[in-house]
2 protein chains.
Amino acid sequence: MAAAAAAATIVAAPGGAHSVRRAACPRQRVSSSSSSSASAIVSSFHGVSVSSGGSLSLSTEVSALRALESKGSRRRGHRALVVCKAGPEQRPIIIGLAADSGCGKSTFMRRLTSVFGGAASPPKGGNPDSNTLISDTTTVICLDDYHSLDRYGRKEKGVTALDPRANNFDLMYEQVKAIKEGKSIEKPIYNHVTGLLDPAEKIDPPKIFVIEGLHPMYDERVRDLLDFSIYLDISDDVKFAWKIQRDMAERGHSLESIKASIAARKPDFDAYIDPQKQHADVVIQVLPTQLIPDDNEGKILRVRMIMKEGVKDFEPVYLYDEGSTISWIPCGRKLTCSYPGIKFFYGPDTYYGHEVSVLEMDGQFDKLDELIYVESHLSNISTKFYGEITQQMLKHADFPGSNNGTGLFQTIVGLKIRDVFERIVAREAASLESAKV
Amino acid sequence: MAAAAAAATIVAAPGGAHSVRRAACPRQRVSSSSSSSASAIVSSFHGVSVSSGGSLSLSTEVSALRALESKGSRRRGHRALVVCKAGPEQRPIIIGLAADSGCGKSTFMRRLTSVFGGAASPPKGGNPDSNTLISDTTTVICLDDYHSLDRYGRKEKGVTALDPRANNFDLMYEQVKAIKEGKSIEKPIYNHVTGLLDPAEKIDPPKIFVIEGLHPMYDERVRDLLDFSIYLDISDDVKFAWKIQRDMAERGHSLESIKASIAARKPDFDAYIDPQKQHADVVIQVLPTQLIPDDNEGKILRVRMIMKEGVKDFEPVYLYDEGSTISWIPCGRKLTCSYPGIKFFYGPDTYYGHEVSVLEMDGQFDKLDELIYVESHLSNISTKFYGEITQQMLKHADFPGSNNGTGLFQTIVGLKIRDVFERIVAREAASLESAKV
């Protein structure tokens, strides 16, 4: 696990200039680094030269990406700059991810970890039922660990896990604050198997600390600690279709019991979970497709990424023309797609009184051509080389949503988090440097 | 008037290379010439440097255009190449424009002539009721001159001017063919004032010969002579709104008489005029706006430019991504527009069994900002410098349609005709050169 005080990382200084620092670097990590604009870069990566922009044919791009894929992702020495975290001043950045269910093992977190390179695993030699995932750069904790009532306590008091009374926000705040200050914590473990609270586990401050669960933005004190926040908003229709698929088809539950379990959660969900989305920097909405009339299978999705404007270190993605309103069906003369095709929408909007930009994808990718074609038309995606989104999506083609907007936007949010991280590191390193002078 | 055998003109060779020829050039015409791509050119014109692409702010672009406007359009020596028409082998190119009414003095033709520089006027010292307009490069004739029956003859036989029996297609074919072969003709004149056929006028072959009127594509022999063809398709709703405006408000006609006159023309129009649009390389459709529900004032227009694919020397205009389907509302964060705004559509389609690309504009320009912003996002517009469309529209701000899609698309068609002309000239000059070797 990376120690906060002296791990090596990479800083791409704003404006394309690179600042290189060498301090005490006990564990040198080397990554390729280039400030990239989607419109005009030529990058070489993994020994494959790929030039962005309109000059390359689609098939050339696809071949290059395939070659890259087959070479794996080990060698990364190209144009690398190594910067050591400059002592305790380089504090961890804190990311909040609110989602209704699924903790620790979520696809979103695996995509995020993958963007930074390296796999995530539970703490070594610890509780096998730990909800924590640790990689070189990132530690993800599950906020269920801050349940103040275990399964039996909740049953006894008649409260759900969604109810703030079943959660210890004071402890959550104290511990997230400690991590942000570079201090280790002894965090409780909620055992999802037994439903009991297990003995605490030690968590050291990582570069990026992700708190994932039901309430990352519920408590104002915790919310204020977040450097970036995401709300994953699955619409009721899609939630229902997914639950039918999993609980009815795979687990043999009845339709009635599924409906009852959704209905039982809804009041607390609406009261305590849903309102957090107004505080998120990015909301990913998952809705049924509009490409097929009256579709309710929940297989083809319309996914919207709602990006808050004016957030420090975060520039919303756009399609073609920043600030205007565009709908785009890429399938046509240059790109052929199978039914029902792919449709994008981009435009400005307001969301809970905030100015936002919305990027929407309806439909799914059937071929690699489609994915790289779409990537090449998006701007402000914070990639480090041409095709990085496509590479990430290919690498995890087995993850749910790798062929639709959920995978695309999760990957983009991963890149955005890396960008936020690098900007903060660069700024703090610069301010440290100027303090020395 | 330019003599076909030895007038000087400009050739931008395909692919950006310029071929320069100097032959006998009794009347040197000098124009600026550069093969331009909308995405990455830096041009200097009229002493004002303007760089295209996203790097310039909108206000800078607008200032530059205003400066340019105030300097007039005389000096054009920049990057000029002078090429003389290489004798009789350099044959005139023939353009057909089908339109329901209005001949000779049409706005479309004045825009086209203006693109080539220089004003159009009737033949000097000839019949004051001549329908012909002549400029340095272009001669426009009105096909009404080929009426075989005058107003009284038509009345006697009970046929309209739309009826092919009232027109002499044999003579039309012979004379257009003669012009195409570089020969002068003695063309009849239909006098719109008296309704009689006047004595013929002599027409010399120009560089560009435009036949405008009811039937430029009706007769197959004439159609086959056309190098490029346009059909101006005013929808019934708009035609009616315009007629109400002009005949009722300005001329005191009754609503009933207007309806009757439209109804009387309709059968012949549908039989003889309308079917020509399937043969046109470009159809400009003028429809009521869709931005205001149930609008029938005919003031705000939705204009569609339907461009045939696979036409030699003609590359359809596109918006953002060639071959995909896009709708675009430019009004937003970067560009503010007044109600009801502006909306563009672009996409592939089929039209009478032909593959076409459609570009549509709904709404109108209120400010110069809007026009230059839109121009900067269109590709394949065949401009010679950044902002040329805006400059043309500004120069003729008093022409009808200068603030909407009719003016925009007429201007673009003018640029396209110039492009077709230059490509043909370049090709024929090259083939002449290789024949000499």
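Predicted model: local features only at pLDDT ≥ 70, side-chain atom pairs only at ≥ 80, totals over all residues.
**Notebook: two chains and their contacts**

I began with the surface: chain A has an accessible surface of about 18,400 Å², and 52% of that belongs to carbon and sulfur atoms. Accessible areas here come from the Shrake-Rupley method with a 1.4 Å probe, and for residues only the protein chains shown count as cover.

Residues are numbered from 1 along each chain as its sequence is written, chains are lettered from A and ligands numbered from 1 in the order in which they are written, and side-chain values use heavy atoms, with hydrogens and water left out.

**Inside chain A**

Next I looked at burial: 57% of the 437 residues of chain A count as buried (under 20% relative accessible area, with a 1.4 Å probe and protein chains only).

I then turned to the domains, whose bounds come from an automatic or database domain assignment. Domain 1 of chain A covers 89-280 and domain 2 covers 284-436. Their centres, taken over C-alpha atoms, are 24 Å apart.

How many residues of domain 1 are in contact with domain 2? I found 32 from domain 1, meeting 36 of domain 2, where contact means heavy atoms within 4.5 Å. The two domains bury about 3,100 Å² between them, 65% of it from carbon and sulfur atoms; buried area is the accessible area (1.4 Å probe) that two parts lose on being put together, summed over both. On the domain 1 side, A:Arg111, A:Val115 and A:Phe228 lose the most area, together 23% of what that side buries.

I also checked for salt bridges (a side-chain nitrogen of Lys or Arg within 4 Å of a carboxyl oxygen of Asp or Glu). The domain interface has one.

**Chain A meets chain B**

Chain B superposes on chain A by a rotation of 180° with 0.1 Å of shift along the axis, RMSD 0.0 Å, fitted by least squares on the C-alpha atoms of residues with pLDDT of at least 70 in both. That is the relation of a two-fold axis. In chain B, B:Ser327 has the C-alpha nearest the axis, 2.5 Å from it.

Here 22 residues of chain B are in contact with 22 of chain A. The chains bury about 1,600 Å² between them, with 41% on carbon and sulfur atoms. I counted six salt bridges between the chains. I also looked up the salt bridge of A:Arg333 with B:Glu309, at 3.2 Å from N to O.

Notes. Buried < 20%, exposed > 50% of the residue type's maximum accessible area, 1.4 Å probe, protein only.
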